[in-house]
Amino acid sequence: MRMDKEQYGLIIKGFLVGGCAGIITIIYRQMLSWSEQVVEWVSALVQKQLIWLLPVILALLLIGFLLVKMLRFEPMISGSGIPQIEGEVQGRIHQNWRRVLPCKIIAGTLACLGGLSLGREGPSIQLGGMCGKGIAQILSEKKYAHTLIVCGAGAGLAAAFNAPLAGVLFCLEEVLKDFRPSILLSVIAAAATGDFLSRIVFGFSPSFTFLLSSSLPLEAYGWVIGLGILCGVAGAFYNASTLRMQDWYGKISFLKDRKAVFVPLMMSAVFFVALPQVLCGGHAMIALLQQEQMLWTLAFLLLMKFLFSLFSFGSGAAGGIFFPMLVLGSYLGAIYGNVVFSVSSLDSVFLNNFIILGMAGLFSGIVRAPLTGVVLIMEMCGGAPQMLSLTIVSLLAYLVAQLLGSKPIYDSLLKRMCK
């Protein structure tokens, strides 16, 4: 295929957008990393001396006050930001990139400091997309403005996860739903640039470190099918629960006008004392999976993280479901794997295999982007030897969730946003 000057120009603009989106995402990612360190330090302090809980509660109330002010000032920073980008590309939503960029970074950092169970990846996609929109306006690029937004979104995800291929596929499969070569090349350029800049700062280590001793044997694939079905059911339940939580918040009059953020912040105060592992995105919970855990402990942590994530995201605070969703999937896989080991002759050395399969399966059941789920987990966990089982579990989770009548979560959120 011969490319004309316009297509070459689009690729060059893709590099430019990727650089801008990568820098903004790195700043946001670093701020959240520092915030999580503060939360970890404060929770340890509170557990040693309970008297520190009072200033923590006062700080959480202040964070809530600031979040309410910011959400009222710029409503488009609410939630993950992925529905906003999809709506922008479809022409159903129009965001002010000059306001969204600083407000999303500040509000997302405040939510993390408050310990809310929210992820950085959705906001990174929105931040990257707004970089693309800003560059399109600065360059007076009208014809390919939406393409540059998608380029920025892909670069944002790539920089957030160090997963450039997943960034490309997510934007083409979920956001744009268009695989034309000219668009594909520009998104690849943006995602590669964002990933390159991120690796300069954060290194080449994968986001998750789950060492796989070997691939699952073929005789274990019956269990893989079972996990795929379970993830599909769990994904449909998660989507329904997320929407119902938003409905519940909307029915309580004194929580309207953005005041709902105080509910998860007060829950956070309890978790600072009782269960700090479920605070923030979930890196602490992922670290626990590197140690041997009892089945009931895994189930309890899964339940608490699920409930806290529902209350956090449903409140409308600035933050996404991406990372908490993967944490939930990892625990679902770990629990399923432990049950399999107890009722079969399969060796427990394959626990990490089930953990990464749970991530991919739940992602596919919730987001309904199976190709992205497979590639994302392969890039994040180094799970290339698991490609066949990842594909099977993702496809089955997708089909089961579809058969249950569950709509993709971001489509449902966008529909509500555009009412």
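This is a predicted model: local features need pLDDT of at least 70, side-chain atom pairs count only at pLDDT 80 or more; totals for chains, interfaces and linings use all residues.

User: How are the axes of H1 and H4 oriented to each other, roughly parallel or roughly antiparallel?

Analyst: Helices here are DSSP runs (H or I, at least four residues) numbered from the N terminus, and their axes are lines fitted to C-alpha atoms over the stretch in contact, with angles from 0 to 180 degrees between N-to-C directions. The axes of H1 and H4 come within 8 Å and cross at roughly 20 degrees. Angles under 35 degrees count as roughly parallel and those over 145 as roughly antiparallel, with 65 to 115 roughly perpendicular and the rest oblique. H1 and H4 are therefore roughly parallel.

User: Which residues of H4 meet H1?

Analyst: Contact means heavy atoms within 4.5 Å. On the H1 side the residues include Tyr28, Leu32 and Glu36. Their partners in H4 are Leu101, Lys104, Ile105, Gly108, Thr109, Cys112 and Leu113.

User: How many charged residues are in the contact of H9 with H16?

Analyst: The axes of H9 and helix H16 (residues 387-403) come within 7 Å and cross at roughly 40 degrees. The contact includes Val224, Ile225 and Gly228 of H9 and Ile392, Leu396 and Val400 of H16. By class (Ala, Val, Leu, Ile, Met, Phe, Trp, Tyr, Cys and Pro nonpolar; Asp, Glu, Lys and Arg charged; the others, Gly among them, polar), the residues divide into 14 nonpolar, three polar and, for charged, none.

User: Which residues of H17 meet H9?

Analyst: The axes of helix H9 (residues 221-251) and helix H17 (residues 409-417) come within 10 Å and cross at roughly 20 degrees. That makes H9 roughly parallel to H17. From H9 come Asn239, Thr242, Leu243, Gln246 and Asp247, and they meet, in H17, Ile409, Ser412, Leu413 and Arg416.

User: Which elements give two or more residues to the lining of the largest cavity?

Analyst: A cavity is a set of points on a 1 Å grid over the protein atoms alone where a 1.4 Å probe fits but cannot get out, and lining residues have an atom within 4 Å of a point. The largest cavity is lined by 16 residues, of which Leu32, Cys112, Leu118, Gly119 and Arg120 lie nearest its centre. The elements asked for are helix H1 (5-48) and helix H4 (97-113).

Definitions and conventions: Residues are numbered from 1 along each chain as its sequence is written. Side-chain values use heavy atoms; hydrogens and water are left out. On a 1 Å grid over the protein atoms alone, a cavity is a set of points where a 1.4 Å probe fits but cannot get out, and a pocket is an open set with protein on both sides within 12 Å along at least five of seven lines; lining residues have an atom within 4 Å of a point.
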